[in-house]
Amino acid sequence: MKEKISAYIDSELAAEEVDTIVDSLRHEPNARDDWFLYHLTGDALRGQPAMDDGFSKSIIEKLKTVKIDPSYDPLDDSKV
Amino acid sequence: MDSSDTDIDLDLVRRTKLGDRHTFDMLVVRHQRMLAQVISRYVKSPQQIEDVTQEAFIKAYRGIMSFRGDSKFSTWLYRIGVNAALSFLAAERSRIPLYEPSINPNTNEPIIPQIVDNESPDRLLATQQIGETVSNVLEKLPEELRIAITLREIDGLSYEEIANVMDCPVGTVRSRIFRARESISKVLRPKLEMFRDKRW
């Protein structure tokens, strides 16, 4: 499972295996922990600043109150 | 990437568009540091960087249907982040009156404000310690793991390209990159516990 998460991060997972991995990332805290750590590792190797998981958690919590708007284009200021 | 493989960002966007909000959460974890770094070039205080980064992700989620896949998702998000930062700066400028320095009553000279660093001390410490940890583990990795993870994470090569460089099967590359990530994560995990009681 962990190796498949690693391959998925690199867009190197076979299409037929993706559903299983996404499902585990949705439901299994350990899989989400690996997801966070593998990305943190890559960002650290590239010299990007560290951000704790509390930061993404606060964004994710806020997103629960947001709805997708099919008519909204974030790159079109006239519609903001 | 093999033609049968799935581009992860496009896949997660597709799932988000179909109504699976959790897959956008995965995009947040995946791109938060890149986006915050872009925004930190424009916005100075750590709190403002977080606020603008959050705002950019909210805009991206709300407008996800407008992403057609003509560019990479990270490029689209980058543009949203820059626009959010510029909008924030414009709003700040309209709120803040023109700067007039205070005068020190003792010397009768203007008081020059300190330049605010855009990294919080905790985040700087975390970045430094995480960077050092990753570098130390990387140095101690077997050469074939170190080369594989470096070619992937720093040089951005696909598994097939790495296989060509290292003259080994693609499956071996996949295994080496995974083992490198696991080796680093095992050392990194307890380090993160040190910062668990505080935001960074």
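## Close-up views of a predicted model

View 1. In chain B, take the contacts between residues at least 6 apart in sequence: 62% of them join residues at least 24 apart. Keep in mind as you look around that this is a predicted model. Of the 200 residues in chain B, 35% are buried.

**View 2. Inside the largest nonpolar core.** Here we're looking at a core of 59 residues. Those with the most contacts inside it are B:Ile39, B:Val52, B:Ala56, B:Ala60 and B:Ala148. Helix H2 of chain B (residues 21-39) gives the most to this core, with nine residues.

**View 3. Zooming in on B:Val52.** Which residues does B:Val52 touch, once its neighbours within four places in sequence are left aside? They are B:Ile39, B:Val43, B:Ala84, B:Ala85 and B:Phe88.

**View 4. The bent helix H2(B).** Follow H2(B) to B:His31 and you'll find a bend of about 55°. This helix is mostly covered, with 14 of its 19 residues buried.

**View 5. Where chain A meets chain B.** On this contact, 48 residues of chain A pair up with 61 residues of chain B. On the chain A side, the elements giving two or more residues are helices H1 (2-9), H2 (15-27), H3 (29-45) and H4 (53-63). H3(A) has the largest share, 11 residues. Sorted by class, that side of chain A has 29 nonpolar, eight polar and 11 charged residues.

Key:
Residues are numbered from 1 along each chain as its sequence is written. Chains are lettered from A and ligands numbered from 1 in the order in which they are written. This is a predicted model: local features need pLDDT of at least 70, side-chain atom pairs count only at pLDDT 80 or more; totals for chains, interfaces and linings use all residues. A nonpolar core is a set of buried Ala, Val, Leu, Ile, Met, Phe, Trp, Tyr and Cys residues joined through C-beta atoms within 7 Å. A residue is buried if 20 or more other C-beta atoms lie within 10 Å of its own, exposed if 12 or fewer, and partly exposed in between; C-beta atoms are placed from the backbone. Helices (H or I, at least four residues) and strands (E, at least two) are DSSP runs, numbered from the N terminus. Two residues are in contact if their C-beta atoms, placed from the backbone, lie within 7 Å. Ala, Val, Leu, Ile, Met, Phe, Trp, Tyr, Cys and Pro count as nonpolar, Asp, Glu, Lys and Arg as charged, and the others, Gly among them, as polar. The bend at a residue is the angle between axes fitted to the seven residues ending there and the seven starting there.
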